[in-house]
There are 2 protein chains.
Amino acid sequence: MNKQTKIAVLGGGSWATAIVKMLSENLETIGWYMRSAYAIEHIKRNKHNPSYLSSAEFNTEQLDLSDDMNYIAENYDVLIFAIPSAFLKTALDKLSVSLQDKIVFSAIKGIVPETGLIVGEHFHKNFNIPYQNIGVLTGPCHAEEVAMERLSYLTIACQDRKKAEHLSQFIASRYIKIKISDDIIGTEYAAMLKNIYAIAAGIAHGLGYGDNFQAVLMSNGIREMKRFIEKVDQMNRNINDSAYLGDLLVTGYSVFSRNRMFGNMIGKGYTVKSAQMEMSMVAEGYYATKSAYEINQKIDANAPIIKAVYNVLYGKKEAKDEFLKLTNRLD
Amino acid sequence: MNKQTKIAVLGGGSWATAIVKMLSENLETIGWYMRSAYAIEHIKRNKHNPSYLSSAEFNTEQLDLSDDMNYIAENYDVLIFAIPSAFLKTALDKLSVSLQDKIVFSAIKGIVPETGLIVGEHFHKNFNIPYQNIGVLTGPCHAEEVAMERLSYLTIACQDRKKAEHLSQFIASRYIKIKISDDIIGTEYAAMLKNIYAIAAGIAHGLGYGDNFQAVLMSNGIREMKRFIEKVDQMNRNINDSAYLGDLLVTGYSVFSRNRMFGNMIGKGYTVKSAQMEMSMVAEGYYATKSAYEINQKIDANAPIIKAVYNVLYGKKEAKDEFLKLTNRLD
């Protein structure tokens, strides 16, 4: 273990909390930025995050907590961002420290709505970080199971594989295995697209479709994901690797997935607005659907599932009619 | 609809019953062989199968029921076999009518234990039926959802695609969509192998592995299935089609799957024998594991999941140790 490596996590949600827990198995000190000063005080006093993944206990002596993003960016070399994509731009606006010499990993599953870019592209274009210093940390992984120390496999991707391997030493543990990849574009798109397919699975379930249809939907979903990602960035990848298919399955089959739950409410007849109010949060797949639809206007992949979800969420189409049409496009 | 086409189903279980139900949407008369004279009497009186899928109601005027396999084979041109592979040879031993001019479809997910052949090969080699007249009817499909008339997608495969298309007219309905394929070998192996992966999923669950691991197991399972089938029969197929990946998912994620349930008991510490006694039946994947392991001794595909399940079921290895080793072979 390289004690010189200074790694920080930025974000206060459950996935951020899970990553801090993984790092705490290996590092003496972990930088941890979160917006809420209240949450920081709570962690210092009670050794767990008050709002997310509260079953994960921390040794607070390992944590360098701060609600000042500039302090963290100044003092740490490797920055792992786990802030929901919808809030990323606002959060980064506070930043005055340059990121140019930092290694930035995205643990964010989504697209930055203001720029329509996946997170890696956003950092590259807006913060002048070379792609060699940008990476992705992805599942299949429910944060809750990390808290329970259940065996999970993560993928760390970076065009410079050495940087991915370096980070992997500090994430891997008794219950975390790591696969290294150089596909930063494909893994990020997969992490984003799978939320759309999880919404589709939820809508189908809400409409009364069963397990037979769910299996067909996932089988079509992974083929659609492959066509979409190939159009965005052609390279040699196996779409059935855990970072793509595994990530789709862990979300699409999860009854805890916020995206699936959101879709389920839509399928049961809630309007988009009332489903969002009922959940008191916005599922990431909601934004991803719009972004993916717009990207697909340019790349023109054959993507009937994305189109159907878009038409329901943004096109005021009835879920029932739209999915009936969709069933004729699947096989 | 071609009223001349005489189609019969052979078998009395839930999948056989579901196929009869699908055909009853389109055909005036369906031949139906089942071993149990008691079940036949019950169906005639009460319009449903007493033991399997009893929620499916039949118009008995459409059913030509018989417990005489020779009568059915004599009088019908297309024979759809849905007898569990473990009992197929014994059942066929009663047959004196030649099958040489029949079109035979297998709706059986497994290998004939006595010959180590998949069902299509068994009919070809032992009944002199040319491959052009042999087909496969496969899922992803829980029979229970057919009874509920929930939308399901089946694949009908035959080297002579016209015969598959012909049968598809009589199976397709409001709630059944059909995909045609010419991959009779690959679809049968997939239907057989998926039961092994369902046992593996059950064992993992029984041992306390969670959803993150399940997603990784399925992702590795479909890659292993691809390697295995390619070694047996190389042809151009998309392993992510519904007949392969969809079928794996509908079984591997089903809490009702007998194979998954069997694995779960093994994972929880039952011996193979006590798990089988507790379930009062033998999960098809139990036989499939031995057959697939033996085939793999010859074809030598990289198949760590099949090997692990074999070592647990037949090699007296502790599930806990064997799966711990397996986790290091997955990614």
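Which residues of chain A does the UniProt annotation "domain: Glycerol-3-phosphate dehydrogenase NAD-dependent N-terminal" cover? That unreviewed entry gives residues 6-163, in the numbering used here, and such annotations may be inferred rather than shown by experiment.

Hi everyone, a word on the ground rules. This is a predicted model, where local features need pLDDT of at least 70, side-chain atom pairs count only at pLDDT 80 or more, and totals for chains, interfaces and linings use all residues. Residues are numbered from 1 along each chain as written, chains are lettered from A and ligands numbered from 1 in written order, and side-chain values use heavy atoms, leaving out hydrogens and water.

Chain A averages a pLDDT of 95, pLDDT being the predictor's confidence in each residue from 0 to 100. The complex gets an ipTM of 0.96 and a pTM of 0.96.

The contact (heavy atoms within 4.5 Å) takes 37 residues from chain B and 37 residues from chain A. Y153(B), N212(B) and N240(B) supply 21% of the area that chain B buries against chain A, more than any other three residues (buried area is the accessible area, 1.4 Å probe, that two parts lose on being put together, summed over both).

Finally, four salt bridges cross the interface (a Lys or Arg side-chain nitrogen within 4 Å of an Asp or Glu carboxyl oxygen). One of them joins K179(B) to D331(A), with the closest N and O atoms 2.8 Å apart.
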